[in-house]
Amino acid sequence: MKIASFNINGIKARGPALAQWLDAAQPDLAVLQEIKSTDETFPRALIEDKGYHLETHGQKGFNGVAILSKLPLEDVTRGLPGDDDDPQARWIEATVSTPRGALRVVGLYLPNGNPVELDSSGAPVAGGKYAYKLAWMARMDMRLRALLALEMPLAVMGDYNIIPQAEDAARPEAWREDALFRLPSRKMFRILVNLGFTDAFRARHAGSGHYSFWDYQAGAFQRNDGIRIDHILLNCHAADLLQDCRIDADVRAGEKPSDHVPIWAQLAL
DNA sequence: ATGGTAGCACGGCTA
């Protein structure tokens, strides 16, 4: 089965571009980020008319995630555990069952974290966006440990807002102190990966020049001034099934594109 | 330091 992740940057503005990609790429399952819509105002017909089941975890104006799947979505959960007072919609999970076995899927939209606010000792300022990002990743660590304990194929995918290495940015020096690339962010990402995950894209492709996001400003896409921040992490059971992984960069050249493009993996499921 | 672009929703925040 083909699974994918796509930060669509607003479902209401992305209908044609999303429909065109679904028709061309034919994913069996996809997680969407930044739907920027509530569950009630999500244009469900756009997706359901193509034969997909749909589960959303929305929020007015910002954030919001969704899962669409040709197979039924089972055991759906919404929200990242660990802080009942967190109102931001950034996490959704579901299970799909195939004749060859089941797959647990996480769709996530990790906090951006900018601007980075630090106190005089260099620690993130409590209540600031960067402190929220790191605390959110600590909550993610807890949840991933519980999911790994299920010992079933697991795909954790979405917009991580993390540039893992210098080769994942066209101009890494420009991102050195940015929340997406500064060392504490990358270290926390390594901690998550080292729980036992494989970066599906890096399992199939080496080297620089592979990006999933280009800013709308200053002709970034035309200059390939991008960053790789959308990731598919697979636990060992899912990684054993990995057949292919690609970034659909050409989607960025379409009509009214998102600033992100889809990443997908083919699994032997 | 600013401004460059885009979405949501109609003012200002977020990215």
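Which residues of the largest nonpolar core touch the most other members?

Guide: Keep in mind that this is a predicted model. The largest nonpolar core has 70 residues. Val65, Val105, Ala155, Val156 and Ile232 touch the most other members.

Take Ala155 from that list. Leave out its neighbours within four places in sequence, and alanine 155 is in contact with Ile3, Leu103, Val105, Ile232, Leu234 and Ala238.

Glutamine 33 touches Val65, along with Asn7, Tyr109, Gly158 and Asp159, if residues up to four places away in sequence are not counted. Where is glutamine 33? It sits in strand β2, which covers residues 29–33. Is glutamine 33 buried or exposed? It has 29 C-beta neighbours inside 10 Å, so it counts as buried. The cut-off for buried is 20 or more. Look also at alanine 89. It is 56 residues from glutamine 33 along the chain, yet their C-alpha atoms are separated by 9.6 Å.

Next, asparagine 9. It lies in the loop between β1 (2–7) and α1 (15–25). Asparagine 9 has 19 other C-beta atoms within 10 Å, so it is partly exposed. Its contacts, leaving aside neighbours within four places in sequence, are Arg14, Glu34, Ser258, Asp259 and His260. Phenylalanine 62 is 53 residues away along the chain, and the two C-alpha atoms are separated by 9.2 Å.

Now find DNA strand B. There are 15 residues around it. Gly10, Lys12, Ala13, Lys36 and Gln217 come nearest. What is the make-up of this surface? Five of its residues are nonpolar, five are polar and five are charged.

With 10 C-beta neighbours inside 10 Å, alanine 218 counts as exposed.

Turn to the helices. The axes of α3 (residues 129–148) and α4 (residues 183–193) come within 10 Å and cross at roughly 5°. The two helices are therefore roughly parallel to each other. From α3, the contact takes in Leu134, Met137, Met140, Asp141 and Leu144. From α4, it takes in Pro184, Met188, Ile191 and Leu192. Eight of the residues in this contact are nonpolar, none is polar and one is charged.

Follow the chain on from α3. Glutamate 151 is in the loop between α3 and β8 (154–159). It has a positive phi of about 55°, although it is not a glycine. Glutamate 151 has 10 C-beta neighbours inside 10 Å, so it counts as exposed.

Go back to the loop between β7 (101–109) and α3, where proline 115 is found. A cis peptide bond joins asparagine 114 and proline 115, with omega about 0°.

Last stop: aspartate 86. It is in the loop between β5 (74–78) and β6 (91–98). Aspartate 86 is partly exposed, because 16 other C-beta atoms lie within 10 Å. Tyrosine 132 is 46 residues away along the chain, and the C-alpha atoms of the pair are separated by 9.9 Å.

Conventions
Residues are numbered from 1 along each chain as its sequence is written. Chains are lettered from A and ligands numbered from 1 in the order in which they are written. This is a predicted model: local features need pLDDT of at least 70, side-chain atom pairs count only at pLDDT 80 or more; totals for chains, interfaces and linings use all residues. A nonpolar core is a set of buried Ala, Val, Leu, Ile, Met, Phe, Trp, Tyr and Cys residues joined through C-beta atoms within 7 Å. A residue is buried if 20 or more other C-beta atoms lie within 10 Å of its own, exposed if 12 or fewer, and partly exposed in between; C-beta atoms are placed from the backbone. Two residues are in contact if their C-beta atoms, placed from the backbone, lie within 7 Å. A residue is near a molecule or strand if its C-beta atom, placed from the backbone, lies within 6 Å of it. Ala, Val, Leu, Ile, Met, Phe, Trp, Tyr, Cys and Pro count as nonpolar, Asp, Glu, Lys and Arg as charged, and the others, Gly among them, as polar. Helices (H or I, at least four residues) and strands (E, at least two) are DSSP runs, numbered from the N terminus. Axes are lines fitted to C-alpha atoms, for helices over the stretch in contact, and angles run from 0 to 180 degrees between N-to-C directions. Angles under 35 degrees count as roughly parallel, over 145 as roughly antiparallel, 65 to 115 as roughly perpendicular and the rest as oblique.
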